[in-house]
Amino acid sequence: MTSYDDQARRDELYRDPYPLYDRARRAEGLTYVPEFDAWLVARDRDVREVLLRAEDFSSANSLLPDVALSEAALGVLPRGFGPRPTVVSSDGAAHRRHRAPLNRGLSAGRVAALVPYARACAQELVDGFAADGSAELVEAYARRLPGMVVGRLIGLDPADVPAAVHGGYRAEELLFRPLSPQEQVAAAEEVVALQHLLDGYVRDRRARPRDDMCSAMVAALAPGDAELTLEQRHELVTSLQNLLIAGFLTTSALIGTTLLHLLGDRRQWRMLRADPSLVPAAVEEAARHDTAIQAFRRITTGPVTLAGTKLPAGATVLVAFGAANRDGERYERPDEFDITRPGNRHHLAFGHGPHGCPGSRLAREQLRLTLELFTGRLPELRLDEDRPPPRMRPTLIHRSPQDLYVTW
């Protein structure tokens, strides 16, 4: 079990990893980071190399938990489904099998068809607080819109979306935050409830397929029309849970962090307000500057040399997209947030190579319509100066402010 002091050091690195990244980029070879129990891959060229060498750097450990679970929590989880490999944690043919329905379901046409629904949801959320003159945007907006959109994508009843999103956050908390044994049990029970909810959808779509992602995943991962086996249900629930959580966690983080940086720089907020044509560039710069998924683990499949460092088989590397996105060899003034930065779409915020994020188009669209909506509806939006400066959440998988109090 991680000690309190170890957890505190790790949390501080999570809240502000950029000084560590800078040291690692300047160092010769790779830097071993005890708090992560991994070799940090921080330079743009090295990160790209790892992501393109999936046969040497496996994704099998990409979602390894940060904390050990109590016996009591481990007693609860078998009442649910999984764990099984997903698109994030598989390689080769298995990865391609999981990814195929996602590529189809998140195609340009499918995403374009979702945008009007996403825009209507966003407008409804803003309607809920626009007359108040102040709000806390993480809870009132950033955590809500992506859940509504990914729920629609999957085919969830809107009435089930809040519980599904809550269960997803509890799954992330259970695996990546230190909780007391009692809190772990409570979180595990809510994760199991989410899994049973998703299993109900999986079995329903087998019997009555629809034009939604749940039906597409059932058809792709369990071909045929026979009743689903228990193993197929385990795999489908695990994959749907992964899609759900990835679908809202990262986009929620991206929305919150983008608004934080824009509202913290009145000049750039005014530029965006005056010239909406800057919105697409602002989306890319926000994703580059403070990447939502900062890093994923990989494990070496055999002895390998990277950046001059010799690694044995079974070595863990932490592939830091957030570090690569501030590499001075690729970007001028890499630490500056600049929405007029030219040619910045080739960042690594959504990964690269076979594991590049299939939902990147949908995430970009939600951020784009958010910026258009907020600059249009709430042009005087600003950070609430009567509140303490926002603190970042201590995590590398959805870097975002814990809260974002604003006034207008």
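Me: Which backbone nitrogen does the side chain of H347 reach?
Reply: That of A349, at 3.1 Å. This is a polar contact, meaning a pair of N or O atoms within 3.5 Å; within protein, one must be able to donate a hydrogen and the other to accept it, and residues adjacent in sequence count only if both atoms are side-chain atoms.

Me: What kind of model is this?
Reply: This is a predicted model, where local features need pLDDT of at least 70 and side-chain atom pairs count only at pLDDT 80 or more, while totals for chains, interfaces and linings use all residues. Residues are numbered from 1 along each chain as its sequence is written, and side-chain values use heavy atoms, with hydrogens and water left out.

Me: Back to H347. Where is it found?
Reply: H347 is in the loop between α15 (321-324) and α16 (360-377). Helices (H or I, at least four residues) and strands (E, at least two) are DSSP runs, numbered from the N terminus.

Me: Is H347 buried or exposed?
Reply: H347 counts as buried because its relative accessibility is 6%. Buried means under 20% relative accessible area, exposed over 50%, partly exposed in between (1.4 Å probe, protein chains only).

Me: What does H347 touch?
Reply: Leaving out residues up to four places away in sequence, H347 touches E284, A287, R288, N325, Y331 and R364. Contact means heavy atoms within 4.5 Å. With E284 there is also a side-chain polar contact of 2.7 Å.

Me: New topic. In what order do the strands of the open sheet come?
Reply: The order is β4-β10-β9, three strands with antiparallel pairing. Two strands pair if DSSP finds at least two bridges between them.

Me: Why is one side of β4 and of β9 left without a neighbour in the sheet?
Reply: β4 (134-136) and β9 (382-383) stand at the edges and each has a single partner strand, so one side of each has no neighbour there.

Me: How many bridges join β9 to β10?
Reply: Two, with β10 covering residues 405-407. In β10, V406 is the bridge partner of L383.

Me: Which residues of helix α3 are buried?
Reply: In α3 (residues 44-52), D44, D46, V47, R48, V50 and L51 are buried. They pack against several elements, including β2 (38-41), β5 (295-300) and α15.

Me: And V191, which helix is that in?
Reply: V191 lies in α10 (residues 181-207) and is buried, with a relative accessible area of 5%. V191 and G168 are 23 residues apart in sequence and 7.1 Å apart in space, C-alpha to C-alpha.
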